[in-house]
Amino acid sequence: MKSVKLTVSAVAIVAASASGALARDQIQSAGSSTVLPYATIVAEAFGENFSFPTPVVESGGSGAGRKKLCEGVGENTIDIANSSSRIKQSDIDTCKANGVNEIMEVRFGYDGIVFASDINGAEFAFTPADIYGAIGANVAKDGKVVANTAKTWADVKADFPAQDILMFIPGTKHGTREVFDTKVIEAGCKASGAYDLFLAAAEGDDKAKEKAAVAQCNTLRTDGVSVDIDGDYTETLSRIDANKNAIGVFGLSFYQNNTDKLRVATMDGVMPSVDSIAKGEYPVSRPLYFYVKKAHIGVVPGLQEYIDFFVSDDMAGPNGPLAAYGLVPDPELAKTQEMVKNDVAMGPLN
């Protein structure tokens, strides 16, 4: 395909009714709110450029999407799970237990996780240790573990503004939360010295001690300064609109499409951008995936064509509409295209 007709809104969401979900004349996908706008762009372009119906794209979170994918095989189950974090072996095991024996893992690009506040708010230059120092339940102080009682950002770092700490972070069903926990909270816990103290106090063998220390790091405050958001980024944005001093966690592309409303922070001195992520400079980035139920390929009309179209240069390449929306193109996209062409199923993760 040499050109793609793109006359539809890039941010419109394709909704599905209960009756439509059972008809199975449409491809069905669900999952990550980060992947949602990309999948929607592809679905709408697919509907305009092919004879197949426009695929149904729903949100709900990466974990929820993978769970739906693994419910079984058949017309009442989805074809694709969109995910901003990699599938877990436990997901694969659940799939197999329910008769979903082969899954195709498709990596189509990269995204960053950013920290943003109201457009008229204070500027922040964060490190992972700052974020941990604000919302970690227990922190290191004078070589000891103490309960976190910081009230303002100035309590975390003297040169931060003396505004109340309030962070809106993705709920645990979101793939963004998994990356946030690993690359921000755990990294910040280690940089602050808290991890070493947790490790020294833990019991058992080395593996058990490390697991306990990480669990301590990932225990966040429950006194209202850290608030889980189970909805998508639009909910986080509305919360910030109502709480002007709050900091929200977003995907880069969502921020880039809302720069009139949000001010973004640097992380480790790096401004998040497509360029800084592509160069590996911005520290909080992640690959984006979708997972295909192979048993539905050749059964659900247009499924193979949709997968091919999604990872084509026309859509996911550097000059495609996904990059225009904010996707960081995958430098190994050609390998993904070849894998999709050869219908390669993923193997076990451990």
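Mentor: Let's start with a rule: a salt bridge is a side-chain nitrogen of Lys or Arg within 4 Å of a carboxyl oxygen of Asp or Glu. This is a predicted model, where local features need pLDDT of at least 70 and side-chain atom pairs count only at pLDDT 80 or more, while totals for chains, interfaces and linings use all residues. Residues are numbered from 1 along each chain as its sequence is written, and side-chain values use heavy atoms, with hydrogens and water left out.

Trainee: Why is the pair arginine 66 and glutamate 178 called a salt bridge?

Mentor: The closest N and O atoms of arginine 66 and glutamate 178 are 3.4 Å apart, and the limit is 4 Å, so the pair qualifies. Across the interface of domain 1 and domain 2, the rule finds 1 salt bridge.

Trainee: How do you know where domain 1 and domain 2 lie?

Mentor: From the domain assignment, which gives 28-110 + 286-342 for domain 1 and 122-243 for domain 2; such bounds come from an automatic or database assignment. Taken over C-alpha atoms, the two centres are 31 Å apart.

Trainee: What makes residues of domain 1 and domain 2 count as in contact?

Mentor: Heavy atoms within 4.5 Å. On that basis, 12 residues of domain 1 touch 8 residues of domain 2.

Trainee: What is the area buried between domain 1 and domain 2?

Mentor: About 780 Å², with 47% of it from carbon and sulfur atoms. Buried area here is the accessible area (1.4 Å probe) that two parts lose on being put together, summed over both. Ser33, Ser85 and Arg286 supply 48% of what domain 1 buries against domain 2, more than any other three residues.

Trainee: How many residue pairs are in polar contact across that interface?

Mentor: The rule finds 9, with both residues at pLDDT 80 or more. A polar contact is a pair of N or O atoms within 3.5 Å; within protein, one must be able to donate a hydrogen and the other to accept it, and residues adjacent in sequence count only if both atoms are side-chain atoms. Helix H3 (residues 62-69) gives the largest share of domain 1's side, 4 residues. Helices (H or I, at least four residues) and strands (E, at least two) are DSSP runs, numbered from the N terminus.

Trainee: Back to salt bridges. What makes arginine 86 and glutamate 105 one?

Mentor: Their N to O distance is 2.8 Å, so the pair is inside the cut-off. Arginine 86 sits in the loop between strand E3 (80-83) and helix H4 (89-97), and glutamate 105 in strand E4 (residues 103-118), so the bridge ties together parts 19 residues apart in sequence.

Trainee: Why is glutamate 105 called buried?

Mentor: Buried means under 20% relative accessible area, exposed over 50%, and partly exposed in between (1.4 Å probe, protein chains only). Glutamate 105 has 16%, so buried is the word. Arginine 86, at 41%, therefore counts as partly exposed.

Trainee: How about lysine 244 and aspartate 118: what is the distance between their closest N and O atoms?

Mentor: It is 3.4 Å, and the two form a salt bridge. Aspartate 118 has 10% relative accessibility, so it counts as buried, whereas lysine 244, at 42%, is partly exposed.

Trainee: Why are glutamate 235 and arginine 239 about one helical turn apart?

Mentor: Because they are 4 residues apart in helix H10.

Trainee: Which residues are linked in a network of salt bridges?

Mentor: Arg107, Asp330, Glu332 and Lys335. By this rule the count comes to 19 salt bridges.
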